[in-house]
Amino acid sequence: MFFASDNWAGAHKSIAERLLMESTGFAAAYGAGDLDRKVEARFSEIFEREVSIFFVATGTAANSLALASVQRPGGITFCHSGAHVIEDECGAPEFFSGAARLVAVDGEAGKIDPAKLSAKIASFPEDAVRHGRASAVTISQTTEIGTVYSLPEIGEIAAISRKRNLPLHMDGARFANALVALGASPAEMTWKRGVDMLSFGGTKNGCWCAEAIVFFNPDQAREMPFIRKRAAQLFSKSRFIAAQFDAYFENGLWLDLARHSNGMADRLRAGIGTSNYSARLAWPTASNEVFAVVNKSAAKTAEEKGAKFYEWPVPAAAPELVSESETLIRLVTSFATTEADVDGFLKCLAA
């Protein structure tokens, strides 16, 4: 009953086997090998246009370097107040961008409010040298609280960004989970809606260590080779990241893994939503994250029986969500989650 994070799951068997296959023999280093080129071409096929791809080790690296590539002196990047880039990356986006700042924008359900974004951008006029200047916007898909931007919502954020010629970045650590939740294509959820750059995550969805920065306009990626190298993210044996993506994409495996993960979360949501015992859903989610308000005694029982999950901070805007006898928890499913895991956890709550 491992629900602490999808990062706790291992690697899918097909991806592990593909890594083993690549472990013998020789190949050109630093992204110049045949497999690297094959996977780069596959990304272009998936996104239905020519894209520029840069492999990196972590989602933090992908976010930080993507945002660094579009910064300028005094730069400001706008993000949701609860976004991973501002809450959980230890200042890496600011560090790698030369101290460009992140400015928070509020919004319900973990998503940037368009009107508030417009107002926040307007508060940084282009010629206001003391305040800094707007440089980029970033959204998380999925969000940090398990919700998903709809296609029109992405388009609305992009339209606001375009008014000031601000590149729009998408943090796609759980990109596949959002994609299958919407039933959209990769192109529809990104560049067709105005997204310029994407942090494409594979690690949370069955890969061992595979993340990529995707530029939908290759001309915008001209500085990235130097930025990535300077940040120590240029792998010599990059074929081992390429090998993971090669297996990840084969026969739609990446989407199947995300569907399974989301499906297990649906099973959790359904069980908790119908429980009359010791738990209730904190808010609606659509991906592989579930947030629940649980009686403290039931949470303790679940932990004693082996369940792993994180207690979660109660949102400042909803202090009444949790009573003194309750706790808010986050449950994250993965490609490795089973029905038995879910049913066993629900049984703990109903005990």
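## Salt bridges, cores and helix packing

Glutamate 326 is buried, because its relative accessible area of 17% falls under the 20% limit. The model is predicted. By the distance rule applied here, it holds 19 salt bridges, and one of them joins arginine 280 to glutamate 326.

**Salt bridges**

- The side chains of arginine 280 and glutamate 326 come together at 2.6 Å, N to O. Arginine 280 belongs to strand 8 (residues 279-281) and glutamate 326 to strand 11 (residues 326-332), so this bridge ties parts of the chain 46 residues apart in sequence.
- Aspartate 343 bridges to arginine 267, with 3.0 Å between the closest N and O atoms. The pair connects helix 13 (residues 339-350), where aspartate 343 lies, to helix 11 (residues 253-273), where arginine 267 lies, and so ties together parts 76 residues apart in sequence.
- Aspartate 343 is partly exposed at 35% relative accessible area, and arginine 267 is partly exposed at 31%.
- Arginine 72 and glutamate 126 form a salt bridge at 3.1 Å, N to O. Here the two partners are in loops: arginine 72 between helix 3 (59-68) and strand 2 (75-80), glutamate 126 between helix 6 (114-122) and strand 4 (133-140), 54 residues apart.
- Arginine 72 is partly exposed, with 30% relative accessibility; glutamate 126 is partly exposed as well, with 43%.

- In soluble globular proteins, nonpolar side chains tend to be buried together.
- The largest nonpolar core has 59 residues, and the members touching the most others are Phe43, Phe78, Phe200, Phe245 and Trp254. Helix 10 (residues 239-249) contributes the most to this core, with seven residues.
- A separate core of 22 residues includes Met1, Leu268, Ala298 and Leu349.
- Beyond its sequence neighbours up to four places away, phenylalanine 200 touches a list of residues that includes Phe43, Phe47, Phe175, Phe245, Phe249 and Trp254. Glu211 is also among its contacts.
- Leucine 117, in helix 6, is buried, with a relative accessible area of 0%. Outside the four places on each side in sequence, leucine 117 contacts Phe78, Val105, Ile112, Val137, Ile157 and Ile160.
- The C-alpha atom of leucine 117 is 18 Å from that of aspartate 196, which is 79 residues away along the chain.

**A buried aspartate without a salt bridge**

- Aspartate 36 sits in helix 2 (residues 34-47).
- This residue is buried but has no salt bridge, because the nearest side chain of opposite charge, arginine 37, is 6.3 Å away and a bridge requires a distance within 4 Å.
- Leaving out residues up to four places away in sequence, aspartate 36 touches Ala28, Gly31, Phe55, Ser238, Arg239 and Ala242.

**Packing of helix 8**

- Helix 8 (residues 175-182) packs on helix 11 at an angle of about 75 degrees, and the two axes are 8 Å apart. The two helices are therefore roughly perpendicular to each other.
- On the helix 8 side, the contact is made by Phe175, Ala176, Asn177, Leu179, Val180 and Ala181. Helix 11 supplies Trp254, Leu255, Ala258, Arg259, Ser261 and Asn262.
- Phe175, Ala176, Asn177, Ala178 and Leu179 of helix 8 are buried. Helix 2, strand 5 (168-172), strand 6 (197-201), helix 10 and helix 11 are among the elements that cover the buried residues of this helix.
- Glycine 183 follows helix 8 and has a positive phi, near 70 degrees.

**Backbone features**

- Most residues other than glycine have a negative phi, and most peptide bonds are trans.
- The peptide bond from glutamine 141 to threonine 142 is cis, with omega near 10 degrees. Threonine 142 is in the loop between strand 4 and helix 7 (151-163).
- Tyrosine 30 has a positive phi, near 55 degrees, and lies in the loop between helix 1 (13-22) and helix 2.
- Alanine 232 also has a positive phi, near 65 degrees. Its position is in the loop between helix 9 (224-230) and helix 10, and alanine 232 is exposed, with a relative accessible area of 66%.

How values were computed
Residues are numbered from 1 along each chain as its sequence is written. This is a predicted model: local features need pLDDT of at least 70, side-chain atom pairs count only at pLDDT 80 or more; totals for chains, interfaces and linings use all residues. Side-chain values use heavy atoms; hydrogens and water are left out. Helices (H or I, at least four residues) and strands (E, at least two) are DSSP runs, numbered from the N terminus. Buried means under 20% relative accessible area, exposed over 50%, partly exposed in between (1.4 Å probe, protein chains only). Contact means heavy atoms within 4.5 Å. A nonpolar core is a set of buried Ala, Val, Leu, Ile, Met, Phe, Trp, Tyr and Cys residues joined through side-chain atoms within 4.5 Å. Lys and Arg count as positive and Asp and Glu as negative; His and the chain ends are not counted. Axes are lines fitted to C-alpha atoms, for helices over the stretch in contact, and angles run from 0 to 180 degrees between N-to-C directions. Angles under 35 degrees count as roughly parallel, over 145 as roughly antiparallel, 65 to 115 as roughly perpendicular and the rest as oblique.
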